[in-house]
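I would like to walk you slowly through one protein, so please have a look at it before I start.

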Amino acid sequence: MTETGLPTYLDRGLSLSHAELCTQLGAELLSLCRSVTADGRLTPEELDGLRQWLIEAESAQMPAAKHLRGVIRKVLADGKITPDEYKEVHRAVEAALPFDARRQAMSARLEVEAAESAARSASGPDRRPAVRRIGMVVALVVMLAAAAAWFLA
């Protein structure tokens, strides 16, 4: 989410404008964002490259660059990056892209997320529901035994 309360990909003020794309820094940021999002996932090396570029291009005062700096600074603040934080950075990079490139990046990310979800579900059934059912059956048997003992007493 952004400061506006919208998901980053819906906050239109963050994407690179046509005027910004005509500058050298804007073209470099576009190229970097496209390469980072091309395969639908963000690697530690890509994150580090993006962070390094943003440090070196401190003069880039584009809203997209400012937003990316803030998101990366927040994600790196505790020294470890969770999978959800990688997704947060990836979505922030998507938000910087112009519409067509953003659509391609989102499509690639959604494909990766769908494949990961399918792999998780194919890796085996979740045993928690079975354990819960067994627990319920045991509780039912105990209650029936207690009721039978009460009636027989």
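What share of the contacts in the protein with a separation of 6 or more comes from residues 24 or more positions apart? If we take a contact to mean heavy atoms within 4.5 Å, the share is 61%.

A word on the model: it is predicted, so local features need pLDDT of at least 70 and side-chain atom pairs count only at pLDDT 80 or more, whereas totals for chains, interfaces and linings use all residues. Residues are numbered from 1 along each chain as its sequence is written, and side-chain values use heavy atoms, with hydrogens and water left out.

The protein has seven helices and zero strands, where helices (H or I, at least four residues) and strands (E, at least two) are DSSP runs, numbered from the N terminus. Of its 153 residues, 33% are buried, that is, under 20% relative accessible area, with over 50% called exposed and partly exposed in between, using a 1.4 Å probe and protein chains only.

Let me turn to the packing of helices. Helix 4, residues 63-76, packs with helix 5 at an angle of about 175°, their axes being 9 Å apart; here axes are lines fitted to C-alpha atoms, for helices over the stretch in contact, and angles run from 0 to 180 degrees between N-to-C directions. Helix 4 and helix 5 are therefore roughly antiparallel to each other, since angles under 35 degrees count as roughly parallel, over 145 as roughly antiparallel, 65 to 115 as roughly perpendicular and the rest as oblique. Among the residues making this contact are Leu68 and Val71 of helix 4, and Val89 and Ala92 of helix 5.

Helix 2 also packs with helix 5, at an angle of about 135° and with the axes 10 Å apart, which makes helix 2 oblique to helix 5. Cys33, Val36 and Thr37 of helix 2 meet His90, Val93, Glu94 and Ala96 of helix 5.

Both of these helices, helix 2 (24-37) and helix 5 (83-96), are also included in what covers the buried residues of helix 6. Those buried residues are Ala101, Arg102, Ala105, Ala108, Arg109, Val112 and Glu113.

Finally, is serine 15 buried or exposed? Serine 15 counts as buried because its relative accessibility is 18%. Serine 15 lies in the segment before helix 1 (18-21), and, leaving aside residues up to four places away in sequence, serine 15 touches Glu20, Ala95, Ala96, Leu97 and Arg102.
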